[in-house]
Amino acid sequence: MKKGWLIAIAIVALLGAWLMGQYNGLVTANERVNGSWAQVETQLQRRNDLIPNLVNTVKGYATHEQEVFKNVSDARAKMAGAQSVDEIAAADGELTQALGRLFAIVENYPQLKADQNFRALQDELAGTENRIATSRRDYNGEVQSFNARIRQFPTNIVAGMLGFSSRDYFRSAEGADQAPTVTF
């Protein structure tokens, strides 16, 4: 009888250790997704912080391009107010298109393109865009790993019992694959 109890206790202990390992692995994977998302938000905020300086520099040269400046400002405000991954992705798409129009205007102002402050801001923004792309890629990779993990057997059982659910990918806004149309 004692041997049966010892075996039962050992099985329960092994099952408990396995469940604890599964839970800890899911928590770690979830936190990697959260950390990756924080990097995306950090880079998007960095871009949002650079944009007013860039717009003000361009405004000094192109005072009659008010609609473009308004579009950049509105898109930036949408980005700041976005909450979900989908809202942020949509706002990011609008902001990217508005910045594309802004840079198209710059082409008409050779003295602006030669301005050292503008060039420095443009370089900062280009670097930030690269960081955003890298952060998005890293985030989506972590989401893919997490989502795959919570769907694999037997982890899917533990994930379901403990309330872990799939995370959303960062997807570009509809129409983001089209170049912005610029008219003068």
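Buried means under 20% relative accessible area, and Arg47, at 0% relative accessibility, therefore counts as buried in this predicted model.

**View 1. Confidence across the predicted model.** The protein averages a pLDDT of 83, with 89% of the residues scoring at least 70. Mean confidence is lowest in helix H4 (residues 110-114), at 71, and highest in helix H6 (residues 155-162), at 91. Where pLDDT is low, the predicted coordinates should not be read in detail.

**View 2. The salt bridge between Asp92 and Arg47.** The side chains of Asp92 and Arg47 meet in a salt bridge with an N to O distance of 2.3 Å, and the pair links distant parts of the chain, Asp92 lying in helix H3 (residues 85-106) and Arg47 in helix H1, 45 residues apart. Asp92 counts as buried at 5% relative accessibility, and Arg47 counts as buried at 0%.

View 3. Glu94 is partly exposed, with a relative accessible area of 34%, and Lys78 counts as partly exposed at 47%.

**View 4. The salt bridge between Arg32 and Glu142.** A search of the whole structure finds 8 salt bridges, including one between Arg32 and Glu142, whose closest N and O atoms are 3.1 Å apart. Arg32 lies in helix H1 (residues 2-59) and Glu142 in helix H5 (residues 116-151), so the pair ties together parts that are 110 residues apart in sequence.

Methods
Residues are numbered from 1 along each chain as its sequence is written. This is a predicted model: local features need pLDDT of at least 70, side-chain atom pairs count only at pLDDT 80 or more; totals for chains, interfaces and linings use all residues. Side-chain values use heavy atoms; hydrogens and water are left out. pLDDT is the predictor's confidence in each residue, from 0 to 100. Helices (H or I, at least four residues) and strands (E, at least two) are DSSP runs, numbered from the N terminus. A salt bridge is a side-chain nitrogen of Lys or Arg within 4 Å of a carboxyl oxygen of Asp or Glu. Buried means under 20% relative accessible area, exposed over 50%, partly exposed in between (1.4 Å probe, protein chains only).
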